[in-house]
There are 2 protein chains.
Amino acid sequence: MRSWENDLGPRARNYTEKLRSAGLRPTRQRLALAQLLFGKGDRHVSAEALHEEAVAADVPISLATVYNSMHQFTAAGLLREVTVDGARVYFDTNTGNHHHFYCEDDGTLLDIDGDAIEVRGLPSPPHGARVDRVDVIVRLKRR
Amino acid sequence: MRSWENDLGPRARNYTEKLRSAGLRPTRQRLALAQLLFGKGDRHVSAEALHEEAVAADVPISLATVYNSMHQFTAAGLLREVTVDGARVYFDTNTGNHHHFYCEDDGTLLDIDGDAIEVRGLPSPPHGARVDRVDVIVRLKRR
DNA sequence: GCGCTATTTAGAAATATTCTAAATAGTCTG
DNA sequence: CAGACTATTTAGAATATTTCTAAATAGCGC
């Protein structure tokens, strides 16, 4: 038995269902990514980093598939994209109401509970547009 | 007399002073960019777009110089970088307290006066970090 | 298992940005 | 204003991230 099969373990069925209800076939690659992403706590991860994790866990997967899957997960509401610097996109496993601290020095992200924050005085959107989401990014520097 | 010299016109001295007080030599390229950027109202512009404008105005300038200058202007506090989607960086001539509407359909940016908005309940930053800036991005979709 | 289609893949391509080192242009001095 | 000194600009190569392509593979229903 190969390692990636072993690693999926008894939880595999959970993600199988999760993917199926999102309308995504539970392939080995998507199951492995789901496990890495949702297996333990909220995460902020780049495609490149996730690919490295998968490879390190002996899951054979290409970078293109990681990108494909991340976008499919995002479209299905399983992930959210976070853009904080022009350089790369992070995928956030927390899809609930929340915002972010962004540490400009080391590029780390930290969740801020959405219920803790209130944004007042927002002007109404221009004609013909509706508000899709409000993102608050608190940019940090080392003191 | 070449066109870019002509185009700089009587305002050139203003930007000369503006650049000098920012610690930047008033070169022809920087003067032309300053004119394009600050000549009329607040703007959100990408390096590529600004380069095209300059070329269209018969200002001989390379894309590398546009990038260099934008970063120098930003470091000098004359511009601000705005990141809304991973694809590119916008340079914003409004360096005051404000936020943005971002139209996801066509990529346009619109300023929101910073005094109109209040963000309440912000948690204190993690130990050793200070808040550099709070960015509010209101993402819009067509209705 | 068979066949159908979705998915994955390697590698090329596209896009945005940065780097390099050689040429050019401001500025200061006399 | 010529000469020298250094900052700036430049073309083009390099890098980084993400997307595309079309060929191979793998789920899944029968």
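**View 1. The open sheet of chain B in the predicted model.** In this predicted model, three strands of chain B make up an open sheet with the order E1-E3-E2 and antiparallel pairing. Strand E1 (44-46) and E2 of chain B form the edges, each pairing on one side only. From one strand to the next, the twist averages 40°. Strands of a sheet pair through backbone hydrogen bonds, in either a parallel or an antiparallel sense.

**View 2. Pairing of E2(B) with E3(B).** Five bridges link E2(B) and E3(B) in the antiparallel sense.

**View 3. Packing of H3(B) against H5(B).** Two packed helices are described by the angle between their axes and the distance between the axes. For H3(B) and H5(B), the angle is about 70° and the axes are 10 Å apart. Because angles of 65 to 115 degrees count as roughly perpendicular, H3(B) and H5(B) are roughly perpendicular to each other. The crossing of H3(B) past H5(B) is right-handed. On the H3(B) side the contact is made by Gln29(B), Arg30(B) and Leu33(B), and on the H5(B) side by Thr65(B), Val66(B) and Ser69(B). By class, the residues of this contact are two nonpolar, three polar and one charged.

**View 4. Surroundings of DNA strand D.** DNA strand D is surrounded by 26 residues, of which Val89(A), Thr27(B), Gln29(B), Ser62(B) and Thr65(B) are the closest. Two or more residues of this surface come from each of helix H4 (47-56), helix H5 (63-75) and strand E3 (88-92) of chain A, and from each of helix H3 (28-38) and helix H5 (63-75) of chain B. H5(B) gives the largest share, four residues. The surface near DNA strand D has eleven nonpolar, nine polar and six charged residues. Gln29(B) and Thr65(B), listed among the closest residues here, also take part in the contact of H3(B) with H5(B).

**View 5. Surroundings of DNA strand C.** Around DNA strand C there are 26 residues, and those that come nearest are Thr27(A), Ser62(A), Thr65(A), Ala64(B) and Val89(B). At least two residues of this surface are supplied by each of helix H3 (28-38) and H5 of chain A, and by each of helix H4 (47-56), H5 and E3 of chain B. The largest share, four residues, is that of H5(A). Sorted by class, the surface near DNA strand C holds eleven nonpolar, nine polar and six charged residues.

**View 6. The contact between chain A and chain B.** Chain A and chain B each bring 37 residues to their contact. On the side of chain B that touches chain A, the elements giving two or more residues are strand E2 (80-85), strand E3 (88-92), strand E4 (98-103), strand E5 (109-113), strand E6 (118-120) and strand E7 (129-142). E7(B) provides the largest share of this side, 14 residues. The class composition of the chain B side is 20 nonpolar, four polar and 13 charged residues.

**View 7. Strand pairing across the two chains.** Strand E7 (residues 129-142) of chain A and E7(B) run antiparallel and are joined by 13 bridges. Within this pairing, Ile137(A) has Asp135(B) of E7(B) as its bridge partner.

Notes
Residues numbered from 1 in each chain as written. Chains lettered and ligands numbered in written order. Predicted model: local features only at pLDDT ≥ 70, side-chain atom pairs only at ≥ 80, totals over all residues. Contact = placed C-beta atoms within 7 Å. Nonpolar A, V, L, I, M, F, W, Y, C, P; charged D, E, K, R; others polar. Pairing = 2+ DSSP bridges. Near = placed C-beta within 6 Å. Axes fitted to C-alpha atoms, helices over the stretch in contact; angles between N-to-C directions. Parallel < 35°, antiparallel > 145°, perpendicular 65-115°, else oblique. Left-handed = near helix turned anticlockwise from the far one by under 90°.
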